[in-house]
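The following paragraphs go through one protein model, from its confidence scores to its fold and then to single residues. Please keep the sequence and the coordinates open while reading.

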Amino acid sequence: MKNFLNKKHLVGSTSEYSATIKLLELGFLVFKNVSSHGIIDLMAISPNNETFRIDVKTASKRISSIKTSNGSYRRSGEMIYRVPTKEQKIYNVVLMIVNRDKFKIIPTRSKLAKWLKT
């Protein structure tokens, strides 16, 4: 049987659907991007009529230790910290990090973050 999605794409798709379900449970209207690549995965409108552009990311951990340019170490097993790209910042895109049933918004000061506080 042929695999149509590699594991990385499968995990990413699962995270997008988890994020969509969470937002729907909170009463949001959610719209998915139809293109396979882009800076935005979801558009969401809150019950308060706030609009959010969201890039969904799956939480991931380092598989090996590395030394950074400033001399500090990133250890194997540490969570990888993600930030919006320059282009995403121009369009006020927030990252929604999915870690199984937990969700984190970056930047944390985004109005979307208040919706996910439990």
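pLDDT is the predictor's confidence in each residue, on a scale from 0 to 100. The score applies here because this is a predicted model. The average pLDDT of the protein is 84, and 78% of the residues score at least 70. By element, confidence is highest in strand S2 (residues 42-45), with a mean of 97, and lowest in strand S5 (residues 73-74), with a mean of 60.

The secondary structure consists of three helices and seven strands. Read from the N terminus, the order of the elements is α-β-β-β-β-β-α-β-β-α. Of the 118 residues in the protein, 28% are buried. The accessible surface is about 8,800 Å², and carbon and sulfur atoms account for 54% of that area. Among contacts with a separation of 6 or more, 39% are between residues 24 or more positions apart.

H1 contains 19 residues and spans 27 Å from its first C-alpha to its last, close to the 27 Å expected at 1.5 Å a residue. Which residues of H1 are buried? They are Ser-15, Glu-16, Ala-19, Thr-20 and Leu-23. Viewed down the axis of H1, these buried residues fall within an arc of 135°, so they line one face of the helix. An α-helix has 3.6 residues a turn, so residues three or four places apart point the same way. The buried residues of H1 are covered by elements including strand S1 (29-32), S2, S3, S6, S7 and H3. On the face of H1 turned away from the buried side are the exposed residues Lys-7 and Glu-25. Just after H1, Gly-27 has a positive phi of about 95°.

Ser-15 is in contact with Val-56, Thr-58 and Val-98, leaving aside neighbours within four places in sequence. Along the chain, Ser-15 and Thr-58 are 43 residues apart, yet their C-alpha atoms are separated by 6.0 Å.

In soluble globular proteins, nonpolar side chains tend to be buried together. The largest nonpolar core in this model has 17 residues, and those with the most contacts inside it are Leu-23, Phe-28, Leu-42, Ile-54, Met-96, Ile-105 and Leu-112. Met-96 touches Ala-19, Leu-23, Ile-54, Asp-55, Val-56, Lys-57, Phe-103, Lys-104, Ile-105 and Leu-116, not counting residues up to four places away in sequence.

A further pairing involves strand S1, where Leu-29 is placed. Leu-29 and Ile-45 are 16 residues apart in sequence, and their C-alpha atoms are 5.1 Å apart in space. Leaving aside neighbours within four places in sequence, Leu-29 is in contact with Met-43, Ala-44 and Ile-45.

Some backbone details are found in the loops. Asn-92 lies in the loop between helix H2 (86-90) and strand S6 (93-99), and Arg-100 lies in the loop between S6 and S7. Neither is a glycine, but both have a positive phi, about 55° for Asn-92 and about 60° for Arg-100. Are these residues buried or exposed? Asn-92 counts as exposed because its relative accessibility is 59%, and Arg-100 counts as exposed because its value is 76%; the cut-off for exposed is over 50%.

The loop between strand S7 (102-106) and helix H3 (111-115) contains Pro-107. Ile-106 and Pro-107 are joined by a cis peptide bond, with omega at about 5°. Helix H3 includes Lys-114, which counts as partly exposed because its relative accessibility is 47%. Lys-114 touches Asn-48 and Glu-50, not counting residues up to four places away in sequence.

How values were computed: Residues are numbered from 1 along each chain as its sequence is written. This is a predicted model: local features need pLDDT of at least 70, side-chain atom pairs count only at pLDDT 80 or more; totals for chains, interfaces and linings use all residues. Side-chain values use heavy atoms; hydrogens and water are left out. Helices (H or I, at least four residues) and strands (E, at least two) are DSSP runs, numbered from the N terminus. Buried means under 20% relative accessible area, exposed over 50%, partly exposed in between (1.4 Å probe, protein chains only). Contact means heavy atoms within 4.5 Å. Accessible areas come from the Shrake-Rupley method with a 1.4 Å probe; for residues, only the protein chains shown count as cover. A nonpolar core is a set of buried Ala, Val, Leu, Ile, Met, Phe, Trp, Tyr and Cys residues joined through side-chain atoms within 4.5 Å. The expected span of a helix is 1.5 Å times one less than its number of residues. The arc is that of the directions from the helix axis to the C-beta atoms.
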